[in-house]
Protein chains: 2
Amino acid sequence: MKVKGDTRERIIQTAAYLFQLQGYHATGLNQIIKESRSPRGSVYYHFPNGKEELAIEAVKYTGRSIEEQIKESMAQILDPVEAIQHFIGVTASQFNDPENVEGIPVGLLASETALISEPLRCTCVKVFKSWANVFAKKLIQHGFEHEEAEQLGITINSMIEGGIMFSLAHKDKQPLLLISKQIPVIVQKKG
Amino acid sequence: MKVKGDTRERIIQTAAYLFQLQGYHATGLNQIIKESRSPRGSVYYHFPNGKEELAIEAVKYTGRSIEEQIKESMAQILDPVEAIQHFIGVTASQFNDPENVEGIPVGLLASETALISEPLRCTCVKVFKSWANVFAKKLIQHGFEHEEAEQLGITINSMIEGGIMFSLAHKDKQPLLLISKQIPVIVQKKG
């Protein structure tokens, strides 16, 4: 794990990494303090409301990072189908090193905490929406109606999350690549 | 939660329910003992290797239960697309009462433990395969080639798991219903 930036950012990056590896419940504040090499006081100073607040920031941090990755793929490649497949390919390539798959914490934390923390659940939903919107925007630019593009954005998003979860469980990128194969089928070209 | 059967089964059912609500790490043996109203000794007698062993049995138990539900939908409805959509509809209808969505524990436990418990990870993979096989078998009966049917089985499975995760996070069945809408698109009828 590469960690950079100031103390607050270092704590958030460490938390995001640990939540991704172990999930919300298995990760304690003490481990975050220890692994981020931060003074105990600074964690309590930056996150006075404790682990839930830190998890919200970690989900936002991961959310922005993945959103940037999706935007990069959409900007790099003109054709929407190929652009989406490129992003899935980038994600799939991370499964060569499953301990470092970014983005898992959002799906995992959402599943773990949907029934116990409204603020955390709402943050996960916002992050999911920000990703779906990038896909939808690309589709709208290529002639899709708003409603269809929005629905496809959510669909593609949940297909990718399902593929990530399956690839993680199988320790194999094949499920994600099978999802990628379906993108040209569900995104029928316009015009 | 309805719990029936002998002590061992009651402990497994209670564990499956708690893992579904809270995940693996947040659920302790003491809570399972208390909520299953079992003598402490009987939990240690039936599951001498502790929580991991109990989680494996809970995943198998949930796996069989969902497999039966998929088989029922496949047997009830001749057309494979409609049969798969029927199963997704049954799953989606559970989101009226999100605390009782069966099947979540397998996806959640798989994500939580893929990197820390090989026996648990392998059990989740076996369960996922058993579900994918039921979809694949139905497709083969309706003229699909083996390889295509197997790939579609895995794809449908991971789409449904992604949809469940999104529906759980959104507390709304819409993501699952959007997945259902794509089934006729990705399962192109044969002959």
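1. In this predicted model, the two copies meet through the same surface, because 100% of the interface residues of chain A are also interface residues in chain B. The contact involves 37 residues of chain A and 37 residues of chain B.

2. On the side of chain A that touches chain B, α6 (104–113), α7 (118–141), α8 (146–170) and α9 (174–186) each supply at least two residues. The most comes from α8(A), with 13 residues. By class, the residues on this side of chain A are 22 nonpolar, 11 polar and 4 charged.

3. α8(A) packs against helix α9 (residues 174–186) of chain B at an angle of about 95°, and the two axes are 9 Å apart. Since angles of 65 to 115 degrees count as roughly perpendicular, α8(A) is roughly perpendicular to α9(B).

4. Which residues form this helix contact? From α8(A) come A:Q151, A:I154, A:T155 and A:S158, and these meet B:P175, B:L178, B:I179 and B:Q182 in α9(B). The contact of α8(A) with α9(B) has 4 nonpolar and 4 polar residues, and no charged ones.

Conventions. Residues numbered from 1 in each chain as written. Chains lettered and ligands numbered in written order. Predicted model: local features only at pLDDT ≥ 70, side-chain atom pairs only at ≥ 80, totals over all residues. Contact = placed C-beta atoms within 7 Å. Helix = DSSP H or I, 4+ residues; strand = E, 2+ residues; numbered from the N terminus. Nonpolar A, V, L, I, M, F, W, Y, C, P; charged D, E, K, R; others polar. Axes fitted to C-alpha atoms, helices over the stretch in contact; angles between N-to-C directions. Parallel < 35°, antiparallel > 145°, perpendicular 65-115°, else oblique.
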